[in-house]
Each structure stands twice: as structure tokens, then as C-alpha cells.
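Please read it alongside the sequence and the coordinates.

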Amino acid sequence: MSNVNTGRADRAIRFVIGVILLGLYGATAPPIRYVTLLGLIPLATGLSGFCPLYRLLGVSTCRPSDSP
């Protein structure tokens, strides 16, 4: 059984959102700066293809051909 539960489009969107949030780290003031570190979550799930929340909810955006 594969741990991948996010499709290609979902992974790409998560990756882009993560990179954008992390990119804002240097452009924001300290209280908001640390909120941008939440960008690590979509970045990690986009790179790994696994979303723990999807697993809990029983959701999968993968097509059968998307999983390795």
C-alpha cells in the first residue's frame, strides 16, 4: 500500500503555496514573520505526496496512475 494520497495538481499547488509563504519570511515584520513558517507544511506535503489530514478524512486526490 502506497502512502501517496495527493495527486499531481494538488502537490504542485501545495508546493507553490509553500514556496510563496516561505518567500515572504524576509519581507515581513517579526510577529507575522513566524506565521510564514507555516509554509513548511504545504511544502513538505507537496514534496512527499502524503497529507496526514487527507488520511484522517479518508480523502485521496490521486488517480490510480498518479501513485508510483
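## Contacts of Thr-28

The side chain of Thr-28 reaches the backbone oxygen of Tyr-25 at 3.4 Å, and a polar atom of that side chain lies 3.2 Å from the backbone oxygen of Leu-24. Thr-28 is placed in the loop between H1 and helix H2 (30-33), helices being DSSP runs of H or I with at least four residues, numbered from the N terminus. When neighbours within four places in sequence are left aside, Thr-28 is in contact (heavy atoms within 4.5 Å) with Arg-33 and Thr-36.

This is a predicted model, in which local features need pLDDT of at least 70 and side-chain atom pairs count only at pLDDT 80 or more, while totals for chains, interfaces and linings use all residues. Residues are numbered from 1 along each chain as its sequence is written, and side-chain values use heavy atoms, with hydrogens and water left out.

## Salt bridge

The count comes to 1 salt bridge, defined as a side-chain nitrogen of Lys or Arg within 4 Å of a carboxyl oxygen of Asp or Glu. Arg-14 forms a salt bridge with Asp-10, with the closest N and O atoms 2.9 Å apart; the two residues are 4 apart in helix H1, and therefore separated by about one helical turn. Arg-14 counts as buried because its relative accessibility is 13%, where buried means under 20% relative accessible area, exposed over 50% and partly exposed in between (1.4 Å probe, protein chains only). Asp-10 is also buried, at 15%.

Val-19 is in helix H1 and, at 42% relative accessibility, counts as partly exposed.

Technical notes: Polar contact = N/O pair within 3.5 Å; in protein donor to acceptor, adjacent residues only side chain to side chain.
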